[in-house]
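I opened the model today to look up a few local features, and I keep my notes here in the order in which I made them.

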Amino acid sequence: MKGGALACAVLFLLTGACCGQQVPEALPTSSAVYQQTYDRLLKQIDAIRIFDNHGHPGFADDPNVDAMVSPPGASAAFRLRDGNPELIAASKALFGYPYDDNSPEHLQWLVKKKAGLKQQERGYQYFDTILDQLNIERAVANRVELGPYLSPKRFLWVFFVDSLLFPFKNQTFISRNGDLAVYVPLQEKKLRRELAQEGLQELPPTFDDYLKFAARLLEDNKQHDGVGIKFEIAYFRSLHFDDPPKQTAEAVYAKYRNGGAPSDAEYKDFQDYLFRYLISEAGRLHLPVQIHTAVGIGDYYSVSNGTALQLENVLRDPRYRDTTFVLLHGGYPFQEQAIWLTARRNVYLDSSLMGIYLYPADLKNVLRHWLLLFPDKVMFGSDAFPFSDAVGAEESYWMAVRSARVALAAALTEMILNHEVTEQQAMVFARGYLHDNAAKLYGK
Ligand SMILES: [Zn+2]
């Protein structure tokens with residue numbers, strides 16, 4: 001910005017003089033005009049059919065809900081602990097739960113109620129009904145497989161690919177901490193299943209064959225209605241991927257294909273190369289790449305290694321211009337920086353998970369910040385998942401959807417009353433965030 005333009009902007013901020021608008025001295029959050037605007041917007045926002053960019057729908061006893069499990073004894077943020085009254089409100093709204101507490105005896109009512117509905121509403125109907133109740137048009141299901149009870153018309157399958165980064169003896173990971181000791185064997189098991197899926201009993205003989213196997217798996221899953229790939233790799237290592245030459249990764253493969261545990265440095269080289277190979281393949285196959293970029297569950301999760309900014313060298317690399325990146329969970333708690341990564345044409349950000357950690361009063365500020373920078377690059381995501389046998393993905397969908405709609409109405413009300421956007425523009429933002437941006441990204 002040139003000096004003159006900057007001076008004009010400052011003058012405008014101080015006096016509102018540039019365009020003849022009055023800048024309010026304080027936000028009129030308790031005024032009648034605020035309330036009327038908010039009520040009018042919320043009504044329109046409630047009517048928007050949602051496109052949910054990320055979630056793990058399914059029943060608590062379904063092992064395919066996620067490729068990960070929560071490590072035993074992990075701490076939970078306040079809002080996700082038992083006894084959150086919002087979850088009781090969710091069970092009341094969705095199932096007519098008749099109690100005001102969540103005592104184990106009362107939760108049995110909920111378990112029975114859901115079991116009865118599952119009997120009645122066979123096939124796809126149970127979860128289709130939940131989506132209808134919440135006015136969700138479509139939802140991305142990030143699962144090991146879509147499974148028999150989620151309709152492919154309403155749920156879009158995004159599949160995990162982290163297992164491809166763990167083909168060797170994984171002792172260095174497993175011995176690092178209790179969380180990895182739970183996560184890594186699940187990846188090993190998943191890779192064995194994927195080798196079998198492609199007709200292999202063991203690792204292919206050469207590195208080129210391994211790359212061919214990985215590409216075939218992506219193609220195969222795409223054929224079976226997969227619409228994107230997902231990395232949870234931030235649970236295992238830093239999101240910073242260096243750029244080693246192919247020969248380096250090939251040498252690691254040749255050395256450890258038949259046994260022995262690679263050193264940390266050797267494994268890192270191999271994974272750095274393979275990650276870059278997979279995102280290139282995803283670009284070739286038009287499969288958007290979802291990446292967990294935020295805080296995570298478990299007491300050993302590294303917040304600094306998992307921040308979205310660690311990916312900047314990859315996201316800004318022109319070689320991956322054909323790959324669409326979807327940074328999940330808003331990069332929280334670094335969401336203010338993460339939005340700047342979406343300045344690049346092929347990078348998007350969603351509010352999944354963050355929207356259930358943060359109450360609407362805080363989510364409102366995040367949405368305000370994001371929408372006033374790159375409104376066409378941000379998307380709603382629920383990260384719905386089953387909490388327990390009684391309180392399930394159904395209730396977490398409810399909580400995420402209610403939080404987002406309320407926070408969005410409050411954010412847009414402020415923007416309108418601050419004269420930052422017109423009401424018409426505000427509703428374009430709302431439809432973009434809740435539906436249109438994701439629908440366009442997945443071509444639906
Ligand atoms: Zn998730």
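**A buried glycine**

I began with G226, which is buried because 21 other C-beta atoms lie within 10 Å; a residue is buried if 20 or more other C-beta atoms lie within 10 Å of its own, exposed if 12 or fewer, and partly exposed in between, with C-beta atoms placed from the backbone. G226 lies in strand β4, where helices (H or I, at least four residues) and strands (E, at least two) are DSSP runs numbered from the N terminus. Leaving out residues up to four places away in sequence, I found that G226 touches W157, F159, N221 and L287, a contact being two residues whose C-beta atoms, placed from the backbone, lie within 7 Å. I also noted that G226 and A141 are 85 residues apart in sequence, while their C-alpha atoms are 9.9 Å apart in space.

Residues are numbered from 1 along each chain as its sequence is written. The mean pLDDT (the predictor's confidence in each residue, from 0 to 100) is 92 for the protein, and 93% of its residues reach 70 or more. Over residues 1-24, however, the pLDDT is below 50, and this stretch has 12 contacts in the model beyond near neighbours in sequence. Where pLDDT is low, the predicted coordinates should not be read in detail.

I next looked at D225, which is not a glycine and yet has a positive phi of about 75°. D225 lies in the loop between α8 (207-223) and β4 (226-231), and D225 counts as exposed because it has 12 C-beta neighbours inside 10 Å. For H419, also a residue other than glycine, phi is positive and near 60°. H419 lies in the loop between α15 and α16 (423-441), and with 13 C-beta neighbours inside 10 Å H419 counts as partly exposed. I then found that the peptide bond from Y332 to P333 is cis, with omega near 10°, and that P333 is in the loop between β6 (325-328) and α12 (335-338).

**Helices against helices**

Which angle do α3 (residues 85-95) and α15 (residues 393-417) make where they pack? I read about 105°, with the axes 9 Å apart; axes are lines fitted to C-alpha atoms, for helices over the stretch in contact, and angles run from 0 to 180 degrees between N-to-C directions. The two helices are therefore roughly perpendicular to each other, since angles under 35 degrees count as roughly parallel, over 145 as roughly antiparallel, 65 to 115 as roughly perpendicular and the rest as oblique. The contact is made by E86, L87, A90, S91, A93 and L94 of α3 with E394, E395, W398 and M399 of α15.

Notes: This is a predicted model: local features need pLDDT of at least 70, side-chain atom pairs count only at pLDDT 80 or more; totals for chains, interfaces and linings use all residues.
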